[in-house]
Amino acid sequence: MRRRSKRYRRARDRVKDDLYSIEAAVEILKRFDGPKFDETVEIAIKLGIDPKQANQLVRGAFSLPHGIGKQVRVVVFAEGAAADEAKAAGAMEAGGEDLVKKVQDGWMDFDVAIAHPAMMRHVGKLGRILGPHGKMPTPKSGTVTDNISKVVGEFVAGKIEFRNDDTGNLHAVMGKKSFASNKLVDNINAFIEHVRALKPSTSKGVFFQKATVSTTMGPGISLRIA
């Protein structure tokens, strides 16, 4: 059994076995004794879906109202003018088959990959490498596009990608603990409403079965969501 730190146990003692409003949950986690670094605030949602059914998967990309508080490392699979646009918009690297080869050789030091449609015949080779890490460009998440500069700019500014895992859980970053409480509340509310709108028509019953917010080193706080 994993032994928790004294800091974690003190934080856990502040959380009752109850459901909290988003505002109350944020105020509780803001009062946790934290480590020396600025912790990330995350949300986890248990969805009422069958993750084995392709028509019930929930995934996409979303621009949080106040960003996520970190620099997002973006790479772009593009050539020529599109590659130049990507770099001008803030991409850390842009390239064609050379960049594909670099990833095939094991380079993964980036957060988001974007691809121009013309490059997908080459990028498709990376499915088994990028897919398990949630970094494979897809039209559904908006990361396959011919509007390179716009999409790169959005991700550099803090747009997030998300998708449910094999158990129907959805995890996403909501910002930093140092954010003002109202900014964290805004981000969480906006994300929840965005995911709510993505409920698959084939998903029956309660869509949001459980939701918690937590800091990197802290316990989860259960949310009351309609």
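Which residues does threonine 138 touch, not counting residues up to four places away in sequence? I looked this up first, and found Arg59, Thr143 and Val144. I took contact to mean heavy atoms within 4.5 Å.

**Ground rules**

I am working with a predicted model, where local features need pLDDT of at least 70, side-chain atom pairs count only at pLDDT 80 or more, and totals for chains, interfaces and linings use all residues. I number residues from 1 along each chain as its sequence is written, and side-chain values use heavy atoms, with hydrogens and water left out.

**Entry: threonine 138**

I found threonine 138 in the loop between α6 (127-130) and α7. My labels follow DSSP runs, numbered from the N terminus: helices are H or I with at least four residues, and strands are E with at least two. Is threonine 138 buried or exposed? I noted it as buried, with a relative accessible area of 15%. For the cut-offs, buried means under 20% relative accessible area, exposed over 50%, and partly exposed in between (1.4 Å probe, protein chains only).

**Entry: the whole protein**

I counted up the elements next: the protein has eight helices and nine strands. Its radius of gyration is 19 Å, close to the 17 Å that the globule rule gives for 226 residues, so the protein is as compact as a globular protein of that length. That radius is taken over C-alpha atoms, and the rule is 2.2 Å times the number of residues to the power 0.38. Along its principal axes, the C-alpha trace spans about 55 × 45 × 35 Å. I also saw that buried residues make up 45% of the 226 residues.

**Entry: the four-stranded sheet**

In what order do the four strands of the open antiparallel sheet come? I read β7-β1-β8-β9. Here two strands pair if DSSP finds at least two bridges between them. The edge strands are β7 (169-176) and β9 (221-222), each pairing on one side only. Seven bridges join β1 (residues 40-47) to β7, and isoleucine 45 has leucine 170 as its bridge partner in β7. I then spotted helix α8 (residues 181-196) lying across β1, β7 and β8, at about 155° to β7. Such angles run from 0 to 180 degrees between N-to-C directions, with axes as lines fitted to C-alpha atoms, for helices over the stretch in contact.

I picked alanine 211, which lies in strand β8 (residues 208-215). Alanine 211 is buried, at 4% relative accessible area. Leaving out residues up to four places away in sequence, alanine 211 touches Ala44, Ile45, Ile221, Ser222, Leu223 and Ile225.

Which side chain makes a polar contact with the side chain of threonine 215? I found glutamate 39, at 3.3 Å. A polar contact is a pair of N or O atoms within 3.5 Å; within protein, one must be able to donate a hydrogen and the other to accept it, and residues adjacent in sequence count only if both atoms are side-chain atoms.

**Entry: the three-stranded sheet**

Last, I looked at the open sheet β4-β3-β5, where the pairing is parallel. Strands β4 (93-95) and β5 (112-115) stand at the edges with a single partner strand each, so one side of each is left without a neighbour in the sheet. I noted an average twist of 15° from one strand to the next. Valine 76 has alanine 94 as its bridge partner in β4. Helix α7 (residues 148-156) lies across β3 and β5, running at about 170° to β5.
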